[in-house]
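Work through the exercises below with the model open. Each task is followed by its solution.

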Amino acid sequence: MSTETALSYAALILADAEIEVSAEKLLALTEAAKVPVEGIWADIFAKALAKQNIKDLLVKFEAGAAGAAPAAVGGAAGAAGEEAAAEEKEEEAKEESDDDMGFGLFD
């Protein structure tokens with residue numbers, strides 16, 4: 001099991017038990033599971049989750065495209081569509097940049 005996975009599970013266990021996520025508690029859980037984790041990783045993980053409500057992160061998870069649907073309902077569909085079109089044009093321009101250098105894939 002990877003360090004990230006072990007720390008993620010430990011954080012979920014703490015959040016489910018409504019216990020504050022701290023480096024010490026994360027290390028205690030990973031040690032109990034016999035998964036070696038360096039203290040620095042537990043510190044970093046605890047700091048990253050310090051101001052987050054883990055349960056809200058799980059319940060209110062939205063994929064990138066799904067986030068546009070509530071905006072469309074609110075009347076901002078035109079603006080969201082324009083932004084998406086602008087991003088697509090920008091990506092296409094980046095993909096076509098090889099042609100500007102005078103060589104292509106099959107030259």
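**Exercise 1: a helix pair**

Task: find which residues of α2 meet which residues of α3.

Solution. Ala 23, Leu 26 and Leu 27 of α2 meet Gly 39, Ala 42, Asp 43, Phe 45 and Ala 46 of α3. Contact means heavy atoms within 4.5 Å. By class, this contact has six nonpolar, one polar and one charged residues. This is a predicted model: local features need pLDDT of at least 70, side-chain atom pairs count only at pLDDT 80 or more, and totals for chains, interfaces and linings use all residues. Residues are numbered from 1 along each chain as its sequence is written, and side-chain values use heavy atoms, leaving out hydrogens and water.

Next, the geometry. The axes of α2 (residues 23-32) and α3 (residues 39-49) come within 8 Å and cross at roughly 125 degrees. That makes α2 oblique to α3 (under 35 degrees is roughly parallel, over 145 roughly antiparallel, 65 to 115 roughly perpendicular, the rest oblique). The crossing is right-handed.

**Exercise 2: the faces of α3**

Task: which residues of α3 are buried, and what do they pack against?

Solution. Ala 42, Ala 46 and Leu 49 are buried (under 20% relative accessible area; exposed is over 50%, partly exposed in between, with a 1.4 Å probe and protein chains only). Seen down the axis of α3, they fall within an arc of 70 degrees, so they line one face of the helix. They pack against α1 (3-16), α2 and α4 (54-59). On the other side of α3, Lys 47 and Ala 48 are exposed.

Methods
Axes fitted to C-alpha atoms, helices over the stretch in contact; angles between N-to-C directions. Helix = DSSP H or I, 4+ residues; strand = E, 2+ residues; numbered from the N terminus. Left-handed = near helix turned anticlockwise from the far one by under 90°. Nonpolar A, V, L, I, M, F, W, Y, C, P; charged D, E, K, R; others polar. Arc of directions from axis to C-beta.
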